[in-house]
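I opened the notebook today to record what I looked up in this structure, one entry per topic.

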Amino acid sequence: MIGIYLHIPFCKLRCGYCDFYATTSQTLVQPTVLAMLHEMERRKNYFSQVEKNSSALQKSTLYIGGGTPSQLPPDMLAALSQKAVATFCVAPPEEFTVELNPDDVTPEYLQRLRGMGVNRVSIGVQSFFDDDLQRLRRRHSARQAIRSVQLAQAAGFENISVDLIYGLPCMDVERWRSNLKTAFSLGVQHLSAYALTIEKRTPFGVLRRKNKLPLPHEDEVAMQYDLLCQASAENGWLHYEISSFARSGFFSMHNTAYWQQQPYIGIGAAAHSYNGWQRQSNVASCAQYIKNVEEGADFFELESLSMENRYNEYVFTGLRTVWGVSKSYLQANFDNRLINYFFSHARKHIENKSIIADDDRIAIPENRWFVADSIIVDLIWA
Ligand code: SF4
């Protein structure tokens, strides 16, 4: 399985909590898209260097994320996706996702997406309350969020994901319960639910420093997480990664491949690629990215991953999923020093049941996922 990620770093407005690289400059849209087409040409042999096993290349996922991909006219998305498939795929992608902002969604736009082979949409809802959305500086309303899901269903999409955020300013458990009730009643197949994190450089970071952000207490946020897990189970959904919930058969293939160390290429400014032993990070500036790609210069930083880096990455991502880490994978990929380190540090967590060890699988149980990072930090090679 290979993953292809196309990063569209454009947004109409900046949300108050967002720390991702994105720009509101519309003049850069067309040159960036041209540079992305050029980048794909320059990197057309990426997977042939990565995958010796040609059968692994038969399966692929394509994900267009951002930023706000739905800010791009459909013709540009079509040109990018066609180039990506022609360059990297030997068969149509098994899963082709596009992220949408609710107020960009129209029947015509959705039909164009269907026509270009998109079979999954991920809608950035965040909350079904207008005052939450205003505080977050989102540009859509709660009504538009619900309508966008209904339009996607009417357009024939049978794999729809929505994003929600809990732990929002002024959010109590009842408000979060209501958001979950609405989300589960919409007939979607997937939910990504994230705890709000406050990054220093964002408007929310500034407000917090000034004590002007009425965030719920961490116990309240933990209760919201518990409620999320409970609502997922009551609806018969599967909780397969800390922030990811799905009906059976609707796990995100693209993200699952990331978590399972499959190779992927990221195209566009600020996109990342991983080939199993190196990580490439494209420059996080559209202007610099365009210039370097078009001039034939380097446009990414290359980081060669040591065995310790790869071990840390495997443990960190694996233990945040239902699959955990596998003893046989550890034994096949890391030396005795790291394997012994893992088991000696895991012992106390196994004894107090914050880690479970089956035959081959070692995983954190769902009821400890909320504090997973504090467990994982013990297992990371420092
Ligand atoms: S739409 Fe997404 S990427 Fe753009 S500013 Fe908001 S959160 Fe950030």
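**Entry 1: H1 and H11**

I began with H1 and helix H11 (residues 286–295), and found that they pack with their axes 9 Å apart at an angle of about 45°. I note here that I am working from a predicted model. H1 and H11 are therefore oblique to each other, since an angle has to be under 35 degrees to count as roughly parallel. I then looked up the handedness, and H1 passes H11 in a left-handed crossing. From H1, the contact is made by Pro-31, Thr-32, Ala-35, His-38 and Glu-39, and from H11 by Cys-286, Tyr-289, Ile-290, Val-293 and Glu-294. Sorted by class, this contact of H1 with H11 has six nonpolar, two polar and two charged residues.

**Entry 2: H1 and H3**

I stayed with H1, which spans residues 29–42, and turned to helix H3, residues 74–88; their axes come within 10 Å and cross at roughly 5°. That angle makes H1 roughly parallel to H3. On the H1 side I listed Val-33, Met-36, Leu-37 and Met-40, which meet Met-76, Ala-79, Leu-80, Lys-83, Ala-84 and Thr-87 in H3. By class I recorded eight nonpolar residues, one polar and one charged in the contact of H1 with H3.

**Entry 3: H7 and H9**

Next I looked up helix H7 (residues 173–185) and helix H9 (residues 218–234), which pack at an angle of about 25° with their axes 10 Å apart. H7 and H9 are therefore roughly parallel to each other, and their crossing is right-handed. In H7 the residues Val-173, Trp-176, Arg-177, Leu-180 and Phe-184 meet Glu-220, Met-223, Gln-224, Leu-227, Leu-228 and Ala-231 in H9. The contact of H7 with H9 has, by class, eight nonpolar, one polar and two charged residues.

**Entry 4: the ligand and the cis peptide**

Which residues surround the ligand? I wrote down Cys-11, Arg-14, Cys-15, Cys-18, Phe-20, Ala-22, Gly-66, Gly-67 and Thr-68. By class, five residues of this shell are nonpolar, three are polar and one is charged. Two of the names on that list, Gly-66 and Gly-67, are joined by a cis peptide bond, with omega at about 20°. Gly-67 is found in the loop between strand S2 (60–66) and H3, and H3 is the helix I had already recorded against H1.

**Entry 5: a backbone note on Arg-137**

I also noted the backbone at Arg-137, which has a positive phi of about 65° although it is not a glycine. Arg-137 is found in the loop between helix H5 (130–136) and helix H6 (142–154).

**Entry 6: the whole chain**

Last, I stepped back to the chain as a whole, where I found 15 helices and 15 strands. The radius of gyration of the chain is 21 Å, close to the 21 Å that the globule rule gives for 382 residues, so the chain is as compact as a globular protein of that length. Taken along the principal axes, the C-alpha atoms of the chain fill a box of roughly 55 × 50 × 45 Å.

Key:
Residues numbered from 1 in each chain as written. Predicted model: local features only at pLDDT ≥ 70, side-chain atom pairs only at ≥ 80, totals over all residues. Near = placed C-beta within 6 Å. Nonpolar A, V, L, I, M, F, W, Y, C, P; charged D, E, K, R; others polar. Axes fitted to C-alpha atoms, helices over the stretch in contact; angles between N-to-C directions. Helix = DSSP H or I, 4+ residues; strand = E, 2+ residues; numbered from the N terminus. Parallel < 35°, antiparallel > 145°, perpendicular 65-115°, else oblique. Left-handed = near helix turned anticlockwise from the far one by under 90°. Contact = placed C-beta atoms within 7 Å. Rg over C-alpha atoms; globule rule 2.2 N^0.38 Å.
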